[in-house]
Amino acid sequence: MFDSTIQIYIIDDEPSICTAYARLARSARMEARTFGSVGEFLAADCSDENACVISEARMPGASGLELPALLAGVRRDLPVIIVTAHDTSEMREAARQAGAAAYFRKPVDDQALLDAVSWAMSRRRPNAPHS
């Protein structure tokens, strides 16, 4: 389906969640990098090429819900999948309005999350700018 390995950037302030999602990504032959905050991710040297973000919606500092706008502001094209343990109709609407590629309530079904990554990657524009 893809010419190179998919890179998953996982952003969550809970280290155990990062570890679990990274393990899941690797089991599906994807590469994974984890970050404890949106700020840490934005400061890192990460390629947009063949990549997707899975982010917790609510964290100290910038939230996962703010991430799509922050990425767009610096001309980065990465699909963002939002996950949260604090599911509300307002949170779902905020994720939709933010442009999230998908939204899940924790705990997330492993296969559903992998399917969402594949779907988000398949919808990327072929000639999107990459960093």
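Me: How many charged residues does the lining of the largest pocket have?
Reply: This is a predicted model, in which local features need pLDDT of at least 70, side-chain atom pairs count only at pLDDT 80 or more, and totals for chains, interfaces and linings use all residues. Residues are numbered from 1 along each chain as its sequence is written, and side-chain values use heavy atoms, with hydrogens and water left out. On a 1 Å grid over the protein atoms alone, a pocket is an open set of points with protein on both sides within 12 Å along at least five of seven lines, and lining residues have an atom within 4 Å of a point. With Ala, Val, Leu, Ile, Met, Phe, Trp, Tyr, Cys and Pro counted as nonpolar, Asp, Glu, Lys and Arg as charged, and the others, Gly among them, as polar, the lining has 11 nonpolar residues and 1 polar residue, while the number of charged residues is 5.

Me: Which helix gives the most to the lining of the largest pocket?
Reply: Helices are DSSP runs of H or I with at least four residues, strands are runs of E with at least two, and both are numbered from the N terminus. The pocket is lined by 17 residues, of which Asp 77, Leu 78, Pro 79, Val 80 and Gly 99 lie nearest its centre. Helix H3 (67-73) and helix H5 (110-122) each supply at least two residues of this lining, and the one that gives the most, with 3 residues, is H3.

Me: What volume does the largest cavity have?
Reply: In contrast to an open pocket, a cavity is a set of points where a 1.4 Å probe fits but cannot get out, and a volume is the space filled by probe spheres set on grid points that are joined across faces, edges and corners. The largest pocket holds about 320 Å³ of space. The structure has 1 cavity of 30 Å³ or more, and the volume of the largest cavity is about 50 Å³.

Me: Which helices each supply at least two residues of the lining of the largest cavity?
Reply: This cavity is lined by Ile 8, Tyr 21, Leu 24, Ala 25, Met 30, Ile 54, Leu 113, Leu 114 and Val 117, and by class its lining has 9 nonpolar, no polar and no charged residues. At least two of the lining residues come from each of two helices, H1 (15-27) and H5.

Me: Within what arc do the buried residues of H1 fall?
Reply: Buried means under 20% relative accessible area, exposed means over 50%, and partly exposed lies in between (1.4 Å probe, protein chains only). In H1, Cys 18, Tyr 21, Ala 22, Leu 24 and Ala 25 are buried. The arc is that of the directions from the helix axis to the C-beta atoms, and the buried residues of H1 line one face of the helix because they fall within an arc of 160°. On the other side, Pro 15, Arg 23 and Ser 27 are exposed, and the arc asked for is 160°.

Me: What is the distance between the end C-alpha atoms of H5?
Reply: The expected span of a helix is 1.5 Å times one less than its number of residues. H5 has 13 residues and should therefore span 18 Å, and this agrees with the distance between its end C-alpha atoms, 19 Å.

Me: Which elements are included in what covers the buried residues of H5?
Reply: Leu 113, Leu 114, Ala 116, Val 117, Ala 120 and Met 121 are buried in H5. They cover an arc of only 155° around the axis, which puts them on the same side of H5. Counting contact as heavy atoms within 4.5 Å, what covers them includes E1, H1, E3, E4 and E5.

Me: Is Asn 50 buried or exposed?
Reply: Most residues other than glycine have a negative phi. Asn 50, in the loop between H2 and E3, has a positive phi near 55°. At 12% relative accessibility, Asn 50 counts as buried.

Me: What is the relative accessible area of Arg 29?
Reply: Arg 29 is placed in the loop between H1 and E2, and its phi is also positive, near 65°. Arg 29 is exposed, because its relative accessible area is 74%.

Me: What is omega near for the peptide bond from Lys 106 to Pro 107?
Reply: Most peptide bonds are trans. Pro 107 is found in the loop between strand E5 (102-105) and H5, and the bond from Lys 106 to Pro 107 is cis, with omega near -5°.
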